[in-house]
Amino acid sequence: MERWRGKVAVVTGATAGIGRAIAQRLAQEGLKVVAIGRRAERLKELAESSNGKIHAMVCDVTKEEELVNVFKKTEEKLGPVHVLVNNAGTFLPTQVTDGDIEKWRHMFELNVLSTGTALREALKSMKKNGIDDGYIINISSISSHAIPEGTGKHIYNATKHALRVITEGARQELARKKSKIRISTICPGVVDTEIFDVPGGIGREFLSDKVPRLTSEDIAQNTVDLLRTPPNAHVVDMVVRPLGETLLA
Ligand SMILES: NC(=O)c1ccc[n+]([C@@H]2O[C@H](COP(=O)([O-])OP(=O)(O)OC[C@H]3O[C@@H](n4cnc5c(N)ncnc54)[C@H](OP(=O)(O)O)[C@@H]3O)[C@@H](O)[C@H]2O)c1
């Protein structure tokens with residue numbers, strides 16, 4: 001991780017779960033972390049517990065202007081962005097044939113469109129500052145590798161498929177430009193986080209005792225594993241299941 005020490009990493013959705021664990025781990029590894037989320041109190045607490053290594057920026061990532069402004073402020077205050085982790089996301093069950101289009105819209109705006117804005121702004125910052133070895137990590141899901149049985153899951157599933165396709169598109173565009181910037185997806189299986197407590201969300205009952213699960217710290221470790229990959233190697237898609245999972249096979 002030596003090469004990333006002192007470099008700026010932006011992590012979206014850092015007030016809870018996987019994003020919070022990634023922000024904390026990257027700070028421990030010596031990066032300057034910009035933690036993004038809407039809940040100011042949680043960000044403040046996270047920053048205060050980090051010995052000045054985590055910088056809180058309140059932002060609703062679905063608001064393009066706010067997100068653009070975060071990247072502008074980051075560059076002014078801390079320097080150019082070397083690492084972006086697009087993590088903010090949510091799972092609101094809704095139907096395909098008779099669904100709640102507001103839920104569709106929200107999931108696509110949050111899980112897909114906001115990642116495009118962040119990706120564009122991070123690449124802009126890298127290009128402007130001559131950084132050709134940055135890293136962008138998109139947190140997709142195991143559900144991008146299958147089409148689930150049952151109802152209510154397919155729109156979330158579609159957003160995570162979209163994110164994986166978009167990531168591969170960015171990889172191809174960067175490769176054609178002979179850029180050394182890498183972009184990867186991490187596709188976790190079940191991780192026990194607040195995503196199961198979100199009002200109108202998938203619900204904690206999904207997590208019966210029988211469902212094996214990962215921890216947010218596992219995904220933070222996977223993030224570090226990607227950053228540690230030698231610069232000539234590119235792990236494009238990292239699928240991480242809890243050991244023994246059969247649920248989403
Ligand atoms: N948990 C799982 O089983 C699992 C499995 C595979 C993939 N994933 C993916 O992993 C990512 C993180 O999920 P998690 O399980 O850690 O969920 P979580 O505990 O519910 O955390 C979600 C994070 O996203 C942030 N967020 C939500 N809406 C936002 C907005 N409009 N603007 C800025 N930030 C926003 C939340 O912060 P604020 O509310 O403070 O804004 C929070 O920090 C998601 O993309 C999810 O789809 C999760």
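**Entry 1. Helix 4 and helix 5**

I began with a helix pair and noted that helix 4 passes helix 5 in a right-handed crossing. A crossing is right-handed if the near helix is turned clockwise from the far one by less than a right angle, and left-handed if anticlockwise. The contact (heavy atoms within 4.5 Å) is made on the helix 4 side by Trp104, Met107, Phe108, Asn111, Val112, Thr115, Leu119 and Leu123. On the helix 5 side I listed Ile155, Tyr156, Ala158, Thr159, Lys160, Ala162, Leu163, Ile166, Ala170 and Leu174. By class, this contact has 14 nonpolar, 3 polar and 1 charged residues. Here Ala, Val, Leu, Ile, Met, Phe, Trp, Tyr, Cys and Pro count as nonpolar, Asp, Glu, Lys and Arg as charged, and the others, Gly among them, as polar.

I record that the model is predicted: local features need pLDDT of at least 70, side-chain atom pairs count only at pLDDT 80 or more, and totals for chains, interfaces and linings use all residues. Residues are numbered from 1 along each chain as its sequence is written, and side-chain values use heavy atoms, with hydrogens and water left out.

I then looked up the geometry of the pair. The axes of helix 4 and helix 5 (residues 154-176) come within 9 Å and cross at roughly 15 degrees. Axes are lines fitted to C-alpha atoms, for helices over the stretch in contact, and angles run from 0 to 180 degrees between N-to-C directions. Helix 4 and helix 5 are therefore roughly parallel to each other, a term for angles under 35 degrees.

I traced an open sheet of 7 strands in the order 3-2-1-4-5-6-7, with parallel pairing. The edge strands are strand 3 (54-58) and strand 7 (237-240), each pairing on one side only. The twist averages 20 degrees from one strand to the next. Strands (E, at least two residues) and helices (H or I, at least four) are DSSP runs numbered from the N terminus, and two strands pair if DSSP finds at least two bridges between them.

I also checked which helices lie across the sheet. Helix 4 (residues 101-128) lies across strand 4, strand 5 and strand 6 (182-188), at about 170 degrees to strand 4. Helix 3 (residues 64-77) lies across strand 1, strand 2, strand 3 and strand 4, at about 160 degrees to strand 2.

I found 5 of the 5 residues of strand 1 buried, meaning under 20% relative accessible area, with exposed over 50% and partly exposed in between (1.4 Å probe, protein chains only). Val8, Val10 and Thr12 point one way, and Ala9 and Val11 the other. Strand 1 runs parallel to strand 2, joined by 5 bridges, and parallel to strand 4, joined by 4 bridges. Val10 has Val34 as its bridge partner in strand 2 and Leu84 in strand 4.

Strand 4 has 6 of its 6 residues buried. Strand 4 (residues 81-86) pairs with strand 5 (residues 135-139) over 4 bridges in the parallel sense, and Val83 has Tyr135 as its partner there.

**Entry 2. Ala9**

Ala9 is buried, with a relative accessible area of 0%. Leaving aside neighbours within four places in sequence, Ala9 is in contact with Leu26, Leu31, Lys32, Val33, Val34 and Val83. I noted 9.7 Å between the C-alpha atoms of Ala9 and Gly134, which are 125 residues apart along the chain.

Terms used:
Angles under 35 degrees count as roughly parallel, over 145 as roughly antiparallel, 65 to 115 as roughly perpendicular and the rest as oblique.
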